[in-house]
Amino acid sequence: MYMRLVRIKAKRDALSSLVAFYETKVISTLERVHGCRYAGLMQSTHHNDEGLSLTLWDVQADAEAYQRSGVFASLLNESKPFLLESSEYQIRLSKDLTLEYVAVPEEPVVSAMLVSAGSSANARRNQTSGARWLRTVALKIRPGKMDEFKQLYIDEVIPMLREVKGCRYIYLTENPEKPNELISITSWEREQDALRYEQNGLFQKILQSQEHLLSDLYRWKREEGKDRVDSVTTSEDVNVEHYVVLAGRDFNQRT
């Protein structure tokens with residue numbers, strides 16, 4: 001299986017229009033694209049103007065054929081009225097040596113992710129389509145420990161998550177451009193189910209079982225003591241993000 005993540009920033013006053021466009025145009029288009037199994041639009045709970053378009057594919061070749069066909073470019077062009085043109089500026093010297101502000105376009109960022117492991121929870125079908133909440137955990141793995149981490153995830157993490165109330169689907173993905181990084185993605189029936197999982201200690205238990213395989217900097221921070229280093233944020237941290245599913249459809253039942 002293969003996953004594409006498109007990170008976007010939406011205009012706040014255009015969010016409802018973006019959702020309507022996604023439901024009526026994007027989903028209906030992707031439903032007819034060979035190999036596409038799911039399409040969903042998510043909004044970050046930490047940054048309301050940030051979101052994800054997540055699609056699942058049978059194989060990488062199907063996703064790449066979709067990219068080459070021009071359909072993605074066409075959909076992206078049609079969605080431009082709902083997206084931020086720029087919210088970031090850089091300062092640089094002009095040719096006459098005066099300072100000028102240059103807008104940095106807020107172009108959607110596309111990530112292609114290989115699904116290393118996955119499972120539907122409680123053996124139900126169409127898990128993604130019924131989910132209303134998405135949770136991502138970005139992990140930096142020690143060099144040479146990637147295969148060991150994947151096996152641990154398959155043998156221990158997936159069986160535990162399959163039994164957690166409200167957990168609909170579990171994915172472990174890897175980005176070929178970031179060889180030491182993995183992203184665990186879980187979908188949930190409700191926000192309360194995901195938060196309960198975080199607060200009841202099971203997430204910390206899972207994280208502790210993986211600790212010896214995580215980056216040296218992350219393990220150093222843990223060893224130094226929680227109270228002393230939690231205020232220091234680094235690129236090696238375990239990064240947890242939450243997203244509410246605004247629109248989505250599972251295409252597994254199509255003929």
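What follows is a short chat about a predicted model.

Me: Let's start with Thr29. Which helix is Thr29 found in?
Reply: Thr29 belongs to helix α1, which covers residues 15-30.

Me: And is Thr29 buried or exposed?
Reply: Buried: its relative accessibility is 11%, and the cut-off for buried is under 20%.

Me: OK, what is Thr29 in contact with, leaving aside neighbours within four places in sequence?
Reply: Val71 and Leu75.

Me: Switching to α5. Which residues are buried there?
Reply: In α5, residues 191-199, the buried ones are Asp193, Ala194 and Tyr197.

Me: Where do they sit around the axis of α5?
Reply: On the same side of the helix, because the arc they cover around the axis is only 95°.

Me: New topic, cysteines. How many disulfides does the structure hold?
Reply: The count is 0. A disulfide would be a covalent bond between the sulfur atoms of two cysteines.

Me: What about Cys36, buried or exposed?
Reply: Cys36 is buried, because its relative accessibility is 0%.

Me: Then Cys167, buried or exposed?
Reply: Cys167 counts as buried too, with a relative accessibility of 0%.

Notes:
Residues are numbered from 1 along each chain as its sequence is written. This is a predicted model: local features need pLDDT of at least 70, side-chain atom pairs count only at pLDDT 80 or more; totals for chains, interfaces and linings use all residues. Side-chain values use heavy atoms; hydrogens and water are left out. Helices (H or I, at least four residues) and strands (E, at least two) are DSSP runs, numbered from the N terminus. Buried means under 20% relative accessible area, exposed over 50%, partly exposed in between (1.4 Å probe, protein chains only). Contact means heavy atoms within 4.5 Å. The arc is that of the directions from the helix axis to the C-beta atoms. A disulfide is a pair of cysteine sulfur atoms within 2.5 Å.
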